[in-house]
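Dear colleague,

My notes on what was found in it follow.

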Amino acid sequence: MAIFPRYDQFEKRHIGTLGPDLIPMLKALGVSSLDQLIQETIPDSIRRTDSMKIPEALSEFDYLQELKNTASLNKLNRNFIGQGYYGTITPSAIARNIFHNPGWYTQYTPYQAEIAQGRLEALLNYQTVISDLTELPIANASLLDEGTAASEAMLLFHSAKQKKNKSESPNIFFVDHNVFEQTIDVLKSRSWPKNIKIVIGNALTEALPENCFGALVQYPDKTGALNDYSDFIKNAKDAGILTAMATDLLTLCIVKSPGEIGADVAFGNSQRFGVPMGFGGPHAAFFATRDEFKRDLPGRIIGVSVDQYGNRALRMALQTREQHIRREKATSNICTAQALLAIMTSMYAVYHGPNGLKAISKRVHDMTCALYSSLIKLNYEMSSAYFFDTLSIKVDESKKLKIQSIALKNSYNFWYREEYVQISLDETTTEADLNTIISIFANANNETSTEFQMNVSTQIPATLVRTSNYLTHDVFNSHQTESALMRYIKRLENKDLSLVHSMISLGSCTMKLNAATELIPVSWPEFADLHPFTPEDQTMGYQKIVNELESFLCQATGFEACSLQPNSGAQGEFAGLLTIKAYHESKGEKNRNIVLIPASAHGTNPASAVVAGLDVVVTACDENGNIIVEDIRNKAIQHKDSLAALMVTYPSTHGVFETSIKEVCQIVHEQGGLVYMDGANMNAQVGLTSPSIIGADVCHLNLHKTFAIPHGGGGPGMGPICVNNKLKEFLPGHVFRNINPSSHAVPAVSAAPYGSASILLISYAYIKMLGPDGMTSATKHAILNANYIASRLSDKYKVLYTGEKGRVAHELIIDLRPYKDIGISAEDVAKRLMDYSFHAPTLSFPVAGTIMIEPTESENKEELDRFCDALLSIREEIDEVAKGEYPVENNVLCNAPHTAILITSDNYDKPYTRKKAAFPIPYLEHGMKFWPSVARVNNAHGDRNLICTCPPLEAYMNA
């Protein structure tokens, strides 16, 4: 304990109801203390009796001072490693106006399209970049990383073949031997559960194997070689085999596209379009395919539609494809993607335009050609004469070690494999770098150093030179000055509601404060510019953070070991289930393939189970939303010989601490199964109970919920898993890092050893600045705020589920089904909240016709009251319709949201006043009004007329 404690403690900045708000809120709830409320909410049988062994809280200033010392432990060598990660220049206008801007990074996934048109447009631009450069017509709005994108391609092909020919079950996926090794590692973790056999061979010399459904090549490959795969793809197509190309966006600016070559899918990492390496992430993976696969495409797709008045509007298209809808019928469990990074990528393309991108690409290639000529002159042998940015130089072992030694003395990192040294150049490479590299190789030959030799000829085969145009749309040719870009970014930002405007009370999403001090270090060069495969002795700062964060998360969960590798919540689910699957198989029980999942579970649970090769058995819930214990017991006994696991969310998806949870876990254990706890609602547990106390064996944690990583408009996220001792040895490994030395480690689930490593800093800061007491206090206040909202709304709305003592956990469900009979839907209420300058709570999940509210601990009483006042005012509007004061088909609810254009129209024709439509409550008249930029979006029109890239100018003129 400090003798002179600082006044400015983070806990007071993070928790909204610590001060004078507390007493009136407790009084409203009829309790004398916060501890009494917690006692009435969480069953005594699962209450934590110890404190988390986490260091006491640091002030924001002291934390940053300590972190600077940690950052200095990372050594920033010049990096020429490549292998899918490259140096890039993030334009300052993009870093300042997007990456560092809470108006962008605190947004949620754009399910409420009317208040998300800005990021929807930016993501549509991203899809256009991907579709144009790959020359494939359909691209999604990003995936997690290149490795998982490869696995999505494999599973898409496998599913497509099974649909087309159910009588045959081809199970071989061919992978060229020069695909990135981390990608092959991830493919193994996805193929093993689905009984898909990976066959690795040489695509240029070997015939495709029998019983093959798909094939993958790297373009350029891991050695840097630029091969023409036209014949390979044609032969595959003739044999009915689908093909994917892992590729690179900067290469495609001057090299023939996968679409023109004939590939069915193209994917890769968009990182080098302005996104720092960050020791592995986050980065937006891209994925494009042919039109015939649009309904099987994993991830989200942004499409063009119209609003109810016929004006152009954007939305997420074809949502019935998504895992939370398809559940156990899903072929992918992708949920969170990398929206914020995809937006940065799209703005990089907008800022540079097609001419700028081509110039950057050509410069990188020209410098590589100059290095090639210089090394040839020094009598070095190259593995290929055709390349884009990477040279693979053949040397014997002694020469390789000598080069490595000289390079390290110059603070240069190259990539070393077998008898080769590889060098990958990028946008950041300078002429001085070229001269230093040449001197390193000259010294290794005991020769005098010379400057680089100019090579004006290209080393791209004539058959692979790109001749087609790209990014011809006006948006990519109008913002090449910083003023233009700044204003464009601001125009888009102004269309979107984020945490800078008001609370976002999405149940099960935990939209808490993303504090500036937590985020600032993510951009520090010591963290942002480190390659994920940097030698370990240069990454000691990151290693310190990783080790401490794993320990902190184990303290929060009560478990013994942690893997930080999964880079989303859904990937955490998948990784957790893989450890369970591997555990059973290690005991000779491959037959254990049944997972029990309550009917109330989030859609990613059954989707993840299916991707993990498990069969889903759904268990029933009662009318109060609780697990029916006897149904769990009966089904566990029925499947006792094949029971692998139970997947359970706690507190429940309905926002209640179920008292039967320990009994439920015990039932599963008695029948030989293990318990996977979904950590979506961990914000109600930290410091008060834990997954280990309730009887779970493994859980994932959404760091983008409980531990303060921002949602970024639909990503990034992180989903690390914590496990008990019996599962510890089965945690994921990695081909380039010995992160789990056990021989039982499952293959990697993400391309980088620690997933999106740079944003781990955010959760690390959150824990370091709150400490054990602050984290526990945050949980208590999250529960307080939810119960306060329940108490304020319960006279006018039905709170659907509560615990045995009438309390909710950290979220609550409001039942709107009674108003359906008078023509008012839950969607009407959600859209009307926009007119009150609020984002809707979670709509129709986990119960159709309801809204689920989660205020988090970060909001103060004033904001909670403002939100409650809005919902109570809406209830009065519902009553007006019920009384016949306004027509069922023409009222403020069914016409919501109301745009400024509508309200100021000379032809305003609504049966209610403009003020009632736009300013129904006094606070809106005092600078707190947010205007939706479009009226209610027509979802059906967008799906019937699918447009997923920037439309031509004629479309705007017609609109």
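Leu471 is buried, with a relative accessible area of 0%, where buried means under 20% relative accessible area, exposed over 50% and partly exposed in between (1.4 Å probe, protein chains only). Before going further, please note that this is a predicted model, in which local features need pLDDT of at least 70 and side-chain atom pairs count only at pLDDT 80 or more, while totals for chains, interfaces and linings use all residues. Residues are numbered from 1 along each chain as its sequence is written, and side-chain values use heavy atoms, with hydrogens and water left out.

Backbone geometry

Leu471 has a positive phi, near 50°, in a residue other than glycine, and is placed in the loop between helix H16 (431–444) and helix H17 (482–493); helices (H or I, at least four residues) and strands (E, at least two) are DSSP runs, numbered from the N terminus. Glu418, also not a glycine, has a positive phi of about 40° and sits in the loop between strand E14 (415–417) and E15, but Glu418 is exposed, with a relative accessible area of 54%. Most residues other than glycine have a negative phi, and most peptide bonds are trans. The bond joining Tyr219 and Pro220 is cis, with omega about -5°, and the one from Gly281 to Pro282 is cis too, with omega near 10°. Pro220 belongs to the loop between E5 and helix H10 (230–238), whereas Pro282 is in the loop between strand E7 (265–269) and strand E8 (285–289).

Helix H27

Although H27 (residues 760–793) has 34 residues, its end C-alpha atoms are only 37 Å apart, short of the 50 Å that a straight helix would reach at 1.5 Å a residue, the expected span being 1.5 Å times one less than the number of residues. At Gly771, shortly before Pro772, H27 has a kink of about 100°, the bend being the angle between axes fitted to the seven residues ending there and the seven starting there. Of the 34 residues in H27, 31 are buried.

Cysteines

A search of the whole structure finds zero disulfides, a disulfide being a pair of cysteine sulfur atoms within 2.5 Å. The sulfur of Cys554 is 4.7 Å from the closest cysteine sulfur, in Cys722, and this is too far for a bond. Cys699 is likewise in no disulfide, with the nearest cysteine sulfur, that of Cys722, 5.3 Å away. Cys554 is buried at a relative accessible area of 9%, and Cys699 is buried at 0%.

With kind regards
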